[in-house]
2 protein chains.
Amino acid sequence: MEDKISLSHGSGGKQTNDLISNLFIKYFDNEIIRQMNDSAQLYLNNNRIAFTTDSFVVTPAFFKGGDIGKLAVCGTVNDLAMSGAKPLYLTSAFIIEEGYPIENLETIVKSMAEMAERAGVKIVAGDTKVVEKGGVDGLFINTSGIGTIYEGINIEANKAEAGDVVIVNGTLGDHGMTIMCERSGIDIQGELKSDCAPLNSLVDSILDICKDVHVLRDATRGGVAAVLNEIAETSRVSIELEEDSIPISEEVKGACELLGLDPLYIANEGKLCCFVPEKYAHKVLEQMRNHPLGTKAEIIGKVVAEVSQRVYLKTIIGGRRIVDMPSGQQLPRIC
Amino acid sequence: MEDKISLSHGSGGKQTNDLISNLFIKYFDNEIIRQMNDSAQLYLNNNRIAFTTDSFVVTPAFFKGGDIGKLAVCGTVNDLAMSGAKPLYLTSAFIIEEGYPIENLETIVKSMAEMAERAGVKIVAGDTKVVEKGGVDGLFINTSGIGTIYEGINIEANKAEAGDVVIVNGTLGDHGMTIMCERSGIDIQGELKSDCAPLNSLVDSILDICKDVHVLRDATRGGVAAVLNEIAETSRVSIELEEDSIPISEEVKGACELLGLDPLYIANEGKLCCFVPEKYAHKVLEQMRNHPLGTKAEIIGKVVAEVSQRVYLKTIIGGRRIVDMPSGQQLPRIC
């Protein structure tokens, strides 16, 4: 390990995982933290519970399609939903810079309240810390959440198996590219905005028709590339993607070409990867497309029985290349 | 309300409460958040659960008697214990400045792991965000926690009633004064160090012999003055303290005189106020004194049937003065 924290330790890629393994799991070690799921899955008086936490440091705090408050509620709701849980209760903790406009804080709090209502969760406890000017850049929010895992559902990062298909619920890279463009002052023509949304009702609609979902993961920091690599490693499988099936908007495609970026590595805040056995693939795809948050859903690839534990991309011109775990830091403070 | 956030909004006193009422509770409004307890008390499949969150921004991060990691685990464990819950699971979320020494991070993580073991809780989920140099001052930690509320226990901020006595488990002001001295470079002779400790085993020992505890509250930001004023208001009672019963170490007394401060307003991280009916007072006091974290426990006052909802101090020379809710900011970033 290096001797100083670098931005890549927070990227959601290789260095983040190294830090988690070599430091946090090393010292906090227990059977629950070792699961490496989006939420911890645990028993409380014989009830299966999901419990998760996330801090939000996005800059700018207000962007097309949302703000840090919307992100903070959706992010935690989604982590719970990805464990097959019904999100129920959230806490919210603010760290605010002295001098921060209360009007902005009010806009953020309102947007959290709206998202909580939309997602059907209650914000039940909170904390407010204020630090001196310069001690924090604006405002950071932590949300933690608990939910009850649906009976008969067993969704875990280690459950992907050969024969599963991978479905995403729409176009990739919208959130990260929105932030990137706002920050760099690039003005993309068209409809580009953050896809930030609470995905629990979409997950509910999937589980309504298919209990046998193996893995669910929202593709946030590090994009689809990071989450699929994590799942490949945790489940000890390989994953093969079809380039021409991956839904990407014209705006994101254009911006990626302009900036030399790969949309597979760009953060989403309203997109999930769903692993189901092939026999359910079309039923689940159809169900997702009937949901407002899944109209552009696509089957993007499948799990293959290959020992390399890698993610591959079959390119449009017929090649096959490795989609590596992201390394280094593409864009800090994306969420 | 003012139009900008000031340090006093994070002091735990009047301005913090105004912000909570006028902003957070206004928008997040639900029956659980309105309880104003240290933890939210809620039902999950018919189980009574406590759920809480706290962010820690203390500076310096390392101080006599502890560090930010120890504080982060104890703070959340204590908030759960103050609801009569057995603390079970914690999450930990780090926001770290680019360039932060990994050696320091490791010391903090080790100290969290040690405290978690001592308190009998598991850290089951986490999050790591890294922000650019200058985006955050060093390292901030959020811990959230859940626990199950013991059967037959009903501890809430609104349950204090006339005839209750108020017991504290030891000397007041040790944590805040330690931080204050470290920051101002004042070198106090003697044993002054933070009292930071997990109080759940002390609470367990109290509940073992007395189920009829009305209120428990750890006296953190704003000190005993803030928590007693909150309880007086929430329970619609008044509280009368006896100055000569309040345990304060010689070091804190000396430093307070030097700096012109009142120890009742100084933060503690290992002290609680316990409200029990007078008939149990001596039994509970004795039990606390038999616990390593309560050897200097004292009965410091009682709840009186007076409509003013205020806290009074009967002084040593026979006067009676009001102990107001703290207003403004004595010392930011104390926890």
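B:Cys256 counts as buried, because its relative accessibility is 4%. The sulfur of B:Cys256 is 9.0 Å from the closest cysteine sulfur, in B:Cys181, which is too far for a bond. Please keep in mind that this is a predicted model. In it, a rotation of 180° with 0.0 Å of shift along its axis superposes chain A on chain B, and that is the relation of a two-fold axis. Here is a friendly tour, topic by topic.

**Cysteines**

- A disulfide is a covalent bond between the sulfur atoms of two cysteines.
- How many disulfides are there over all chains? The count comes to zero.
- With 3% relative accessibility, A:Cys196 counts as buried.

**How the two copies meet**

- Two copies of a chain are related by a rotation about an axis and a shift along it.
- Superposing chain A on chain B gives an RMSD of 0.0 Å.
- Which residue of chain A comes closest to the rotation axis? A:Val136 does, with its C-alpha at 2.1 Å.
- The copies meet through the same surface, because 100% of the interface residues of chain A are also interface residues in chain B.

**Annotated domains of chain A**

- The UniProt record, an unreviewed entry, places "domain: PurM-like N-terminal" at residues 38-149 of chain A.
- Residues 38-149 of chain A are 29% helix and 47% strand, and the end C-alpha atoms of this span are 13 Å apart.
- From UniProt, again an unreviewed entry, comes "domain: PurM-like C-terminal", covering residues 161-313 of chain A.
- Residues 161-313 of chain A are 35% helix and 20% strand, with end C-alpha atoms 18 Å apart.

- Strand 1 of chain A, residues 40-44, is mostly covered, with four of its five residues buried.
- Five bridges pair strand 1 of chain A with strand 2 (residues 47-56) of chain A in the antiparallel sense.
- A:Leu44 has A:Asn47 of strand 2 as its bridge partner.
- Two residues lie between the strands of this hairpin, and A:Asn45 takes a positive phi near 45° there.

**Pairings of strand 12**

- Strand 12 of chain A (residues 298-304) runs antiparallel to strand 8 (residues 164-168) of chain A, and four bridges join them.
- A:Ile167 has A:Ile299 in strand 12 as its bridge partner.
- Strand 10 of chain A also pairs with strand 12 of chain A in the antiparallel sense, over four bridges.
- A:Val303 in strand 12 of chain A stands opposite A:Ile239.

**Helix 3 of chain A**

- Does the length of helix 3 (residues 102-119) of chain A agree or disagree with what its 18 residues should span? At 1.5 Å a residue they should span 26 Å, and the end C-alpha atoms are 25 Å apart, which agrees.
- The buried residues of helix 3 of chain A include A:Ile102, A:Leu105, A:Ile108, A:Val109 and A:Met112.

- A:Glu243 is in the loop between strand 10 (238-242) and helix 7 (250-259) of chain A.
- At 30% relative accessibility, A:Glu243 counts as partly exposed.
- Leaving aside residues up to four places away in sequence, A:Glu243 touches A:Leu313, A:Lys314, A:Thr315 and A:Ile316.
- A:Glu243 and A:Arg321 are 78 residues apart along the chain, and their C-alpha atoms are separated by 10 Å.

**Backbone points to check by eye**

- Most residues other than glycine have a negative phi, and most peptide bonds are trans.
- A:Thr59 and A:Pro60 are joined by a cis peptide bond, with omega about 0°, and A:Pro60 is in the loop between strand 2 and strand 3 (62-63) of chain A.
- In chain B, the peptide bond from B:Thr59 to B:Pro60 is cis, with omega near 0°.
- B:Met36 is not a glycine but has a positive phi of about 60°; B:Met36 is in the loop between helix 1 (14-28) and strand 1 (40-44) of chain B.
- B:Met36 counts as partly exposed, at 27% relative accessibility.
- B:Arg333 has a positive phi near 55° and is found in the segment after strand 14 (320-322) of chain B.
- With a relative accessible area of 5%, B:Arg333 is buried.

Terms used. Residues are numbered from 1 along each chain as its sequence is written. Chains are lettered from A and ligands numbered from 1 in the order in which they are written. This is a predicted model: local features need pLDDT of at least 70, side-chain atom pairs count only at pLDDT 80 or more; totals for chains, interfaces and linings use all residues. Side-chain values use heavy atoms; hydrogens and water are left out. Buried means under 20% relative accessible area, exposed over 50%, partly exposed in between (1.4 Å probe, protein chains only). Two strands pair if DSSP finds at least two bridges between them. UniProt positions are given in the numbering used here, feature names are shortened, and annotations may be inferred rather than shown by experiment. The expected span of a helix is 1.5 Å times one less than its number of residues. Copies are superposed by least squares on the C-alpha atoms of residues with pLDDT of at least 70 in both. Contact means heavy atoms within 4.5 Å. A disulfide is a pair of cysteine sulfur atoms within 2.5 Å.
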